[in-house]
Amino acid sequence: MDTLIFGGLLATLIAMYREPSRTVVLGAWWVLLIAVVLLMAHHITSAPALGPSY
């Protein structure tokens, strides 16, 4: 999960340095945000117990 997030951030950073149109950078950020939200939802709900485990 971390690899996908950091990969998306790196791709967005590279896109920003290439100076594309603003819509490309915003589109990349939205895609990354949606991916992070979906991955976090899957990560949180896939745990057997949501409480603290000692």
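1. In helix H1, the buried residues (under 20% relative accessible area, with a 1.4 Å probe and protein chains only) are Ile5, Gly8, Thr12 and Ala15. Viewed down the axis of H1, these buried residues fall within an arc of 90°, so they line one face of the helix; the arc is that of the directions from the helix axis to the C-beta atoms.

2. The model is predicted: local features need pLDDT of at least 70, side-chain atom pairs count only at pLDDT 80 or more, and totals for chains, interfaces and linings use all residues. Residues are numbered from 1 along each chain as its sequence is written, and side-chain values use heavy atoms, with hydrogens and water left out.

3. On the face of H1 turned away from its buried side are the exposed residues (over 50%) Asp2, Thr3, Phe6 and Tyr17. Just after H1, Glu19 adopts a positive phi of about 55°.

4. H1 covers residues 2-17, and at 1.5 Å a residue its 16 residues should span 22 Å; the end C-alpha atoms lie 23 Å apart, which agrees. The expected span is 1.5 Å times one less than the number of residues.

5. Phe6, Leu9, Leu10, Leu13, Ile14, Met16, Tyr17 and Trp29 make a nonpolar surface patch of about 840 Å². H1 gives the most to this patch, with seven residues. Met16, placed in helix H1, counts as partly exposed because its relative accessibility is 41%.

6. The secondary structure of the protein comprises two helices and zero strands. Of its 54 residues, 11% count as buried. The protein exposes about 4700 Å², of which carbon and sulfur atoms supply 72%.

Conventions: Helices (H or I, at least four residues) and strands (E, at least two) are DSSP runs, numbered from the N terminus. Accessible areas come from the Shrake-Rupley method with a 1.4 Å probe; for residues, only the protein chains shown count as cover. Patches are made of residues with over 30% relative accessible area and no salt bridge: like charges are joined within 9 Å, nonpolar side chains (Val, Leu, Ile, Met, Phe, Trp, Tyr) within 5 Å. A salt bridge is a side-chain nitrogen of Lys or Arg within 4 Å of a carboxyl oxygen of Asp or Glu.
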